[in-house]
Amino acid sequence: MIGQSKRLGIVFLSGVSMVTLTAGLASADPMPPEQSMSNLSYELLGRDELWTYRALDAYSEAPYLSALVAAGALPPIEERLPAEPLVHLTAAMSDGIGEYGGVFRHVIGGRPEGWNWLAGQHQGWGGINMAMQECLVRLGPLWQVRAEDQSGPLPNLAKSWEWNEDKTELTMHLIEGARWSDGDPFDTEDIRFWWEDNVLDANVTSRMPADGMGEGTTMTVIDDFTFRFDFLTPQGPARLQNLAYIQGCPGPSHVMMSIHPTYNPDATYESYRTGQPADVLSPVVMGMFVPVVHEVDELVIMRRNPYFWKVDETGQQLPYYNEMHFKLSTWDDRTTQTVAGTGDFSNMENPGNYVAALVQSQQEDSPVLAQFGPRVLSWRIELNFSDRGVEDDVDTALRELFRNLDFRVAFSHSLDREAIGQSIARGPFTYPYTGGFEVGSPFYDADSTVYFPYDPAKANEMFDALGLADTDGNGIRNLPNGGADLEIDMLYANNRTEDRKQLDAVTSMMAEVGVRILPTAVEDIAVIAKGGNFNTLLRRQQWVIPTREVCLQIPIDGACPDFHMEEEDGGRVLFDFERDILAAFEVINNTWDAAEAAQAATVIQQAWTENVYTIGTVQAPAALLINKRIRNAHPGTPVFMFEWAEDGVVRERLWTPAELQLDELLPGTIAEY
Ligand code: GLA
């Protein structure tokens, strides 16, 4: 076992970087020293040691599926599996080959928006999206792979790929003979529909934006299982990471085409987006579980997908569990229930619960194990730079201010990040965050991180210099030229306690420098943010691996990021530093040299933090809580690195010994179509 004292991932360049200040009155400090709390331990493997694709001599299935086959309700297992299924290798399993049966219980704070992930809908987060969607490639389990073997993603629906010599053509090969959960063949028609009618269709808000594979990239189907991307410029292995969850996940074309406006003259884009409502079951998936019951605000029950295309080395079809639950509750309750033993899994990401949960999890009879990872959770304030959705002169004036670097620097100087951290958790858990990559990211570089620390005198000076005086003497600054009080509405998620606590701290700190923050609770902040119609918001949002969900971070497309989308008429003026960030991001996508990628990441870090692109608050480690009944929950799994732990822990290979299994609510059943 290797302790996690070294960084995951890539070679580091500790380049000297000079802080260049564009703001006249601004001053930046070095970051204070950081101490990791991580206690993950793991042995790293080669990328081919996790899984492979090959035919096995014989296959078997959960016993109740054999009964359904005998009753004629399902074809035999050999007909349901691909000729060469994905085989999870025993060497990568911390407890080895599993036993069938039982239930895995998740608790989540989200609610399914709908089943149409092609049109960008989420299914409630917390691992439910990922239990249904399968993507061309996979990132989560890369934490288990040796650094020198980490370039590019792991195969998944795409089992292999090759580049032409000048790296402008990427030919990908799909797994052959895999089927959707209703038995329909999975093939390049699903890829074509995903790409042409969702990614490229400007009327569909797909998670992969139109330029998500690089501007001008085209895709051509070659045969049923082969397709090719053609790029305008040479690309590198990181480009493929953009095809992982949540960006490169096809949907069932045989179902979805019939409700898409390109194929159905009666359909509209709105009827398409909402055409797979969360209360209509069951959606057709490639994932290991299929939702079969949805009791609103109570529970989603999922049953195993009898066509799932992954097996273990003994030929047992995966997953090992028969049933998966998603109790629809709150994110805090996820941790509470997991500590209490009524839930099986939590990414403990609510620092307010850390002390109590850690104490309890250390009791001998505790049902749960807790493992801390590096600091990768971060919270940030996003100021909207676009004029999208402005309703009045005040909105217009605010957006104008947000685009002013001095305003953002002054905002940063107003925040006492120590105090914000202590407001969510007493103790050593949090560390100041300034934006950009988190300290636990393999791409973090302290020397390129510009920090404008707490300095209310400086903040006041800078706000004064911006003409934001308190002209009516009520303690609140006014917008320039005798305008209205400087009041800024700031959205936060009503189901995230930590966000609210931080916002309270931010609100009182901003009041100290004469700026009134108006906290505004919203139900589904991700959906509102995606629409780009807000002034400011505070949320947990991290950027650990540059190519993961890039649309949340930088303007790779007119629809990204949420805080700087194109205006309704298509206009947008990018900051010069955004162009620098985009150029560095291109280097990361195009290079085959890890050191060059690391160097480009420092350019992003420098540009992001010296321009206060977002206003970071704090960053914290998270602990993975898993019930002790669960086998193969590898103790090295980080809560978040390449992807969330629900992906990183590889749930299809989790299992529980028969004597410890929980009773199923719907034994013997599968989804009906
Ligand atoms: C939410 C949770 C995270 C994680 C992700 C998975 O964001 O807060 O801990 O479970 O969902 O998508």
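**Notes on a predicted model**

1. Let's start with Ile246, which lies in the loop joining helix H5 (238-241) to helix H6 (253-256).

2. Numbering runs from 1 along each chain as its sequence is written, and side-chain values use heavy atoms, leaving out hydrogens and water.

3. There's another cis peptide bond, from Leu281 to Ser282, with omega near 0°. Look for Ser282 in the loop that runs between helix H7 (269-273) and strand E12 (289-295). Most peptide bonds are trans.

4. Trp125 deserves a look too: its phi is positive, about 60°, although it isn't a glycine. You'll find Trp125 in the loop between strand E5 (103-108) and helix H3 (128-132). Trp125 is also one of the residues surrounding the ligand.

5. Besides Trp125, the residues around the ligand include Gly126, Gly127, Met130, Trp331, Asn347, Glu349 and Trp644 (a heavy atom within 4 Å counts as near). By class, this shell has five charged, four nonpolar and three polar residues (Asp, Glu, Lys and Arg are charged; Ala, Val, Leu, Ile, Met, Phe, Trp, Tyr, Cys and Pro are nonpolar; the others, Gly among them, are polar).

6. A ligand oxygen sits 2.5 Å from an N or O atom of the Glu646 side chain. For the side chain of Arg334 that distance is 2.8 Å, and for Arg540 it is 2.9 Å. The protein buries 94% of the 310 Å² that the ligand exposes when taken alone (Shrake-Rupley areas, 1.4 Å probe).

7. Zooming out, the chain has 18 helices and 22 strands. Its radius of gyration is 25 Å, close to the 26 Å given by the globule rule for 673 residues, so the chain is as compact as a globular protein of that length (C-alpha atoms; the rule is 2.2 Å times the number of residues to the power 0.38). The C-alpha trace spans about 80 × 60 × 45 Å along its principal axes.

Key
Predicted model: local features only at pLDDT ≥ 70, side-chain atom pairs only at ≥ 80, totals over all residues. Polar contact = N/O pair within 3.5 Å; in protein donor to acceptor, adjacent residues only side chain to side chain. Helix = DSSP H or I, 4+ residues; strand = E, 2+ residues; numbered from the N terminus.
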